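Visitor: I have a model open and would like to learn how to read it. Could you walk me through it?

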Amino acid sequence: MFDAAIIAAAQRVEHYQMAGYGTARSITQHLGYGEAVRLLQRTLDEEKEADHKLTEIAESQVNIHALL
Ligand SMILES: [Fe+2]
């Protein structure tokens with residue numbers, strides 16, 4: 001149960017980061033700052049990937065054990 005709670009907390013952080021980077025990416029896009037857009041998009045993609053990995057771990061292992 002403790003591991004499932006840790007993953008849930010980590011995913012909250014990832015989603016918070018995704019909101020921040022996504023907003024910053026959109027603003028820089030409107031301002032025409034191409035290099036900043038590219039870097040922010042790369043970071044946003046990394047945050048999404050981390051979130052997906054956490055989901056995989058939770059669904060494949062941790063959540064099942066949390067119910068036992
Ligand atoms: Fe992150």
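This is a predicted model: local features need pLDDT of at least 70, side-chain atom pairs count only at pLDDT 80 or more; totals for chains, interfaces and linings use all residues.

Visitor: How many helices and strands does the protein have?

Guide: Helices (H or I, at least four residues) and strands (E, at least two) are DSSP runs, numbered from the N terminus. Here you get two helices and zero strands.

Visitor: Is the protein spread out or compact?

Guide: For that we take the radius of gyration over C-alpha atoms and hold it against the globule rule, 2.2 Å times the number of residues to the power 0.38. The protein comes out at 15 Å, well over the 11 Å that the rule gives for 68 residues, so it is more spread out than a compact globule. Along the principal axes, its C-alpha atoms fill a box of roughly 50 × 15 × 10 Å.

Visitor: At what angle do helix 1 and helix 2 pack?

Guide: Axes are lines fitted to C-alpha atoms, for helices over the stretch in contact, and angles run from 0 to 180 degrees between N-to-C directions. Helix 1 (residues 2-31) packs on helix 2 (residues 34-67) at about 160°, and their axes are 9 Å apart. That makes the pair roughly antiparallel (under 35 degrees is roughly parallel, over 145 roughly antiparallel, 65 to 115 roughly perpendicular, the rest oblique).

Visitor: What share of the residues counts as buried?

Guide: Count the other C-beta atoms, placed from the backbone, within 10 Å of a residue's own: 20 or more is buried, 12 or fewer exposed, in between partly exposed. Of the 68 residues, 7% count as buried.

Visitor: Why does I64 count as exposed?

Guide: I64, in helix 2, is exposed because it has 11 C-beta neighbours inside 10 Å. Its C-alpha is still 9.3 Å from that of A4, 60 residues away along the chain.

Visitor: Where are V13 and E46 found?

Guide: V13 sits in helix 1 and is partly exposed, with 13 other C-beta atoms within 10 Å. C-alpha to C-alpha, V13 is 9.2 Å from D51, 38 residues apart in sequence. E46 belongs to helix 2 and is partly exposed too, with 14 such atoms. From E46 to M18 the C-alpha distance is 9.2 Å, across 28 residues of sequence.

Technical notes. Residues are numbered from 1 along each chain as its sequence is written.
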